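I opened this structure to look up a few charged residues and their partners. My notes are set down in the order in which I went through them.

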Amino acid sequence: MELISGLPEDIARDCMVRISYHQFPAVASVSKGWKTEIQMPEFRRLRKRTGHAQKILVTVQSKFDSEKSKTGLLGKAMTMTNPVYKLSVLETETGVWSELPLGPELCDGLPLFCQIAGVGYDLVVMGGWAPDSWKASNSVFIYNFLSGEWRRGADMPGGPRTFFSCASDQDRMVYVAGGHDEEKNALKSAFAYDVVNDTWITLPDMARERDECKIVFCLGTTDSGRVRVVGGYRTEMQGRFERSAEEFDVATWKWGPVMEEFLVDAMCPRTCVDRCDVDRCDVEGRMYMCKGGDVVVLESDTWKNVAKVPSEIKNVACIGACDGSLLLIGSSGLGKPCMGFILGLKSGIWTKFENSENFSGHVQSGCLLEI
């Protein structure tokens with residue numbers, strides 16, 4: 001059966017790779033042939049190779065309830081102290097914001113402090129505190145951009161954990177490490193989640209407990225990649241962060257030695273408030289972060305200044321790297337509206353993009369996907 005009646009297959013496929021990601025669910029419902037086509041790995045590779053893959057930033061963002069605010073100061077106070085978190089999507093090339101629908105099990109909003117990661121066409125939402133009870137959860141929910149539907153994933157092993165970190169290889173795996181258990185004990189355990197097979201794999205323990213750490217997946221040109229776990233603190237340290245980091249080699253399935261002075265200063269690599277946000281390594285092993293009022297990059301074991309953070313930004317919420325640019329989301333202070341900037345790494349110029357009122361709430365975390 002022809003993909004598009006009267007057109008050769010290569011021309012029909014050339015038309016389909018230009019479809020915007022938010023049209024995928026409608027395309028999949030047209031016919032079995034179209035659904036099969038967009039689900040094939042070759043289709044995604046063709047979109048990337050031809051430059052039609054779309055880069056989007058998905059954020060866990062608090063939403064402003066205009067109805068509650070009409071009740072006066074009490075209503076505004078309630079929305080500040082007990083915010084509802086939803087999933088916001090920014091198309092990085094157009095600056096257009098939209099909101100992802102939440103599944104039935106998430107109708108009250110996302111769990112507070114949940115973590116998100118992008119894997120292929122899937123967005124994985126892990127853990128957090130249930131919005132109705134504030135109890136720590138080990139739940140996993142997955143949104144598929146092709147079908148526009150949610151599904152429940154296998155629960156995280158080891159019981160509920162909070163303030164862990166996760167990172168994706170962008171292909172099929174999400175790596176989870178650190179955090180603390182329900183007794184506030186910092187954890188050294190780590191896992192890999194195979195999104196395709198919906199299975200969890202236990203990794204060897206890290207050398208140290210790492211509460212409130214940050215995971216970065218480092219792409220390799222000749223190996224399977226490395227999982228770098230940065231900072232955090234041990235149980236007895238309670239909020240006094242370490243400068244160290246350690247790496248897990250996916251190919252050898254082993255942790256390397258602890259790098260004691262990886263960070264310049266002992267700071268939180270996760271909260272992103274006035275401190276730093278380690279986001280990702282690019283294919284050459286560089287890693288970017290915000291340190292105070294500077295954007296810095298790690299090159300050959302040395303941190304170098306790249307640019308000043310825009311003066312309007314005092315609290316950095318998240319930072320992402322893609323296509324020679326850095327994308328930064330932050331605010332001018334506690335409770336202030338969020339705004340975003342893109343830095344051209346070659347030009348050194350920041351460009352501001354607008355956030356409407358519906359997408360100006362506090363950003364808890366974010367991740368970049370290429371669809």
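**Ground rules.** I am working with a predicted model, in which local features need pLDDT of at least 70 and side-chain atom pairs count only at pLDDT 80 or more, while totals for chains, interfaces and linings use all residues. Residues are numbered from 1 along each chain as its sequence is written, and side-chain values use heavy atoms, with hydrogens and water left out.

**Entry on R208.** I looked up R208 and found it in the loop between β11 (199–203) and β12 (214–218), where strands are DSSP runs of E, at least two residues long, numbered from the N terminus. R208 counts as buried because its relative accessible area is 17%; buried means under 20%, exposed over 50% and partly exposed in between, with a 1.4 Å probe and protein chains only. I noted a polar contact of 2.4 Å between the side chains of R208 and E260, and another of 3.5 Å from the side chain of R208 to that of S244. A polar contact is a pair of N or O atoms within 3.5 Å; within protein, one must be able to donate a hydrogen and the other to accept it, and residues adjacent in sequence count only if both atoms are side-chain atoms.

**Entry on E370.** I then turned to E370, which is found in strand β23 (residues 363–370). E370 and G120 are 250 residues apart in sequence, yet their C-alpha atoms are 7.6 Å apart in space. The side chain of E370 also makes a polar contact of 3.0 Å with the side chain of K55.

**Entry on salt bridges.** How many salt bridges does a search of the whole structure find? The search gives 21, a salt bridge being a side-chain nitrogen of Lys or Arg within 4 Å of a carboxyl oxygen of Asp or Glu. In one of them, R210 pairs with E246, with the closest N and O atoms 2.9 Å apart; this pair links distant parts of the chain, R210 in the loop between β11 and β12 and E246 in strand β14 (residues 245–249), 36 residues apart. Both R210 and E246 are buried.

I also checked E247, which forms a salt bridge with R228, the closest N and O atoms being 2.6 Å apart. E247 lies in strand β14 and R228 in strand β13, so the pair ties together parts 19 residues apart in sequence.

Technical notes:
Helix = DSSP H or I, 4+ residues; strand = E, 2+ residues; numbered from the N terminus.
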